[in-house]
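Dear colleague,

I am handing over the structure we spoke about, and it is shown directly below. After it you will find an account of what turned up in it, arranged by topic.

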Amino acid sequence: MTVLEELAAGLPADALITDPASTEAYRFDEASFCAAGTPLAVVRPTETGQVQHVLRVASAHRVPVVPQGARSGLSGAANAVDGGIVLSLTRMDRILEIDPVDQVAVVEPGVLNAVLSRAVLEQGLYYPPDPSSWELSTIGGNLATNAGGLCCVKYGVTADFVRGLEVVTATGELLRTGRRTAKGVAGYDLTKLLVGSEGTLGVITKAVLALRPAPETALTMAAAFASASDALSAVTRIMAAGLQPSLCEFLDGVTVRAIQDYRDMGLPTGVGALLLTQSDRGPRAAADVEAMGAICTELGALDVAVASDATESEMLMQARRIVHFAVEKLGSTLIDDVAVPRARLVDLLDGITAIAREHDVVVSCPGHVGDGNMHPTVIFDRGDPAAVERAQRAFDAIMQLGLALGGTITGEHGVGVLKREWLATELGDLSLGLHRKIKETFDPQGILNPGKVLA
């Protein structure tokens, strides 16, 4: 039988899509600037056994398989490859268990981040990883890239909340890693290895996620500054003061204006930067945001305001969550996500300003400033070849700058296609060689998401 015939023999009729007009929608994630191939088929499984069937067929015929979630990624990691199978996991979307005693949730990869967060909150629990795209992004996608988000400054990234995984290997076998217990150190930590591997080592079909007791309602502070450097200086002072914000977000002037043009949020558009912080420390939250505001005032903030209620606070958070959509209205985008030590944030922003001037491009620069993870976004006209070339040079210069400041080429979006040529620069030859050996061990035929992460 052909590959398609073998796939069809073990799948429900509605799980297999081969019509090119329908598979076209599955070719790209949000990094449309990255190349994508034309898939042989798209498979939409509803259970682990169907995923195993797909991998067994693919392995037998040496056909590439690209695992895919909501396609909200920004590095091209979910882009299709020519003649391959796109394995869309969005229909595996069940929350299998929420355990308030052990404080864990067991979920399938297609569960939306926001859906899980709301479900556990109903039981007085909290799942902290909180990407800006939480209404769109799936847990599987978050696991694949080790996503960060708005609350990482206090709570950490996705990997910090993963206790165990169920994974289908390249040959269709079922691997279980980690454990359900809060503690456990038996063997190598394959769970942490698989989280962030961008679908190149296995296909995650189930995850045991750690939860926390729900925190108190957070109080939010917003501070407007004439310059980005003043706002970033305030961040370093806030963190050094030990105030432990549960959120610390930065919007430069370009981004603030883009948000306000996209949707009237009442933001001050004549500013150089806007700083948003939160505290969720219950009775101490009011004192925390007051202290943060005092630091901002001392360092030259034009205006400092504390949200008076949950509605006002949520409005400010909504402004942060729509950044991606607002900036896209300005033109085509190349989105970076370099992370640097907090003490080098001013140097990073100054360097980005110089790069934008040198290459004659506009750069928007929002970010999770509390943990040093910034999202400089090069904006350009895709229809102008000269503008595209300038944008690419600026993008590369920003990554080089991040590394020079002791940082990394990606804090949360992943390597995918967009940054794979830069991975060797950051890792070095020895580490890159070990990466390739790990890939070969998990995927000796090289069928899992080929061309991603490792060049």
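Positions taken from UniProt are given in the numbering used here, with feature names shortened, and such annotations may be inferred rather than shown by experiment. With that in mind, the UniProt record, an unreviewed entry, lists residues 35–214 for "domain: FAD-binding PCMH-type". Please also keep in mind that what you have is a predicted model.

Leaving aside neighbours within four places in sequence, Asn113 is in contact with Tyr127, Pro129, Pro131, Trp134, Ser137, Thr138, Ile139 and Asn142.

Turning to the interior, in soluble globular proteins nonpolar side chains tend to be buried together. The largest nonpolar core here has 52 residues, of which Phe250, Leu275, Cys296, Val369 and Val378 touch the most other members. Several elements each supply at least two residues of this core, among them strand E12 (219–225), helix H8 (228–240), strand E13 (247–252), helix H13 (345–359) and helix H14 (385–404), and the largest share, 8 residues, comes from H14. Not counting residues up to four places away in sequence, Phe250 touches a list of residues that includes Ala228, Ala231, Leu232, Leu349, Cys365, Val369 and Met374. Apart from this core lies another, of 28 residues, among them Ala105, Tyr126, Cys151 and Tyr155.

As for charged side chains, a search of the whole structure finds 20 salt bridges. In one of them Arg91 pairs with Asp14, with the closest N and O atoms 3.2 Å apart. Arg91 sits in the loop between strand E4 (85–88) and strand E5 (95–99), while Asp14 sits in the loop between helix H1 (3–9) and strand E1 (16–17), so this pair ties together parts that are 77 residues apart in sequence. Both partners are partly exposed, Arg91 with a relative accessible area of 24% and Asp14 with 44%.

How far apart are the closest N and O atoms in the salt bridge that Asp336 forms with Lys419? The distance is 2.7 Å, and the pair links distant parts of the chain, 83 residues apart, with Asp336 in the loop between strand E16 (332–335) and H13, and Lys419 in the loop between H14 and helix H15 (420–427). Here Asp336 is buried, with a relative accessible area of 0%, and Lys419 is buried as well, at 1%.

Arg344 and Asp347 also meet through their side chains in a salt bridge, at 2.8 Å from N to O, and in this pair Arg344 is partly exposed at 31% relative accessibility, as is Asp347 with a relative accessible area of 34%. Elsewhere, Glu97, Asp99, Asp102 and Arg180 are linked in a network of salt bridges.

Finally, on the surface, Leu136, Tyr262 and Phe325 form a nonpolar patch, with about 250 Å² of accessible area together. Of these, Phe325 is placed in helix H12 (residues 323–328), and its relative accessibility of 33% means that Phe325 counts as partly exposed.

With best regards

Note on methods:
Residues are numbered from 1 along each chain as its sequence is written. This is a predicted model: local features need pLDDT of at least 70, side-chain atom pairs count only at pLDDT 80 or more; totals for chains, interfaces and linings use all residues. Side-chain values use heavy atoms; hydrogens and water are left out. Patches are made of residues with over 30% relative accessible area and no salt bridge: like charges are joined within 9 Å, nonpolar side chains (Val, Leu, Ile, Met, Phe, Trp, Tyr) within 5 Å. Accessible areas come from the Shrake-Rupley method with a 1.4 Å probe; for residues, only the protein chains shown count as cover. A salt bridge is a side-chain nitrogen of Lys or Arg within 4 Å of a carboxyl oxygen of Asp or Glu. Helices (H or I, at least four residues) and strands (E, at least two) are DSSP runs, numbered from the N terminus. Buried means under 20% relative accessible area, exposed over 50%, partly exposed in between (1.4 Å probe, protein chains only). A nonpolar core is a set of buried Ala, Val, Leu, Ile, Met, Phe, Trp, Tyr and Cys residues joined through side-chain atoms within 4.5 Å. Contact means heavy atoms within 4.5 Å.
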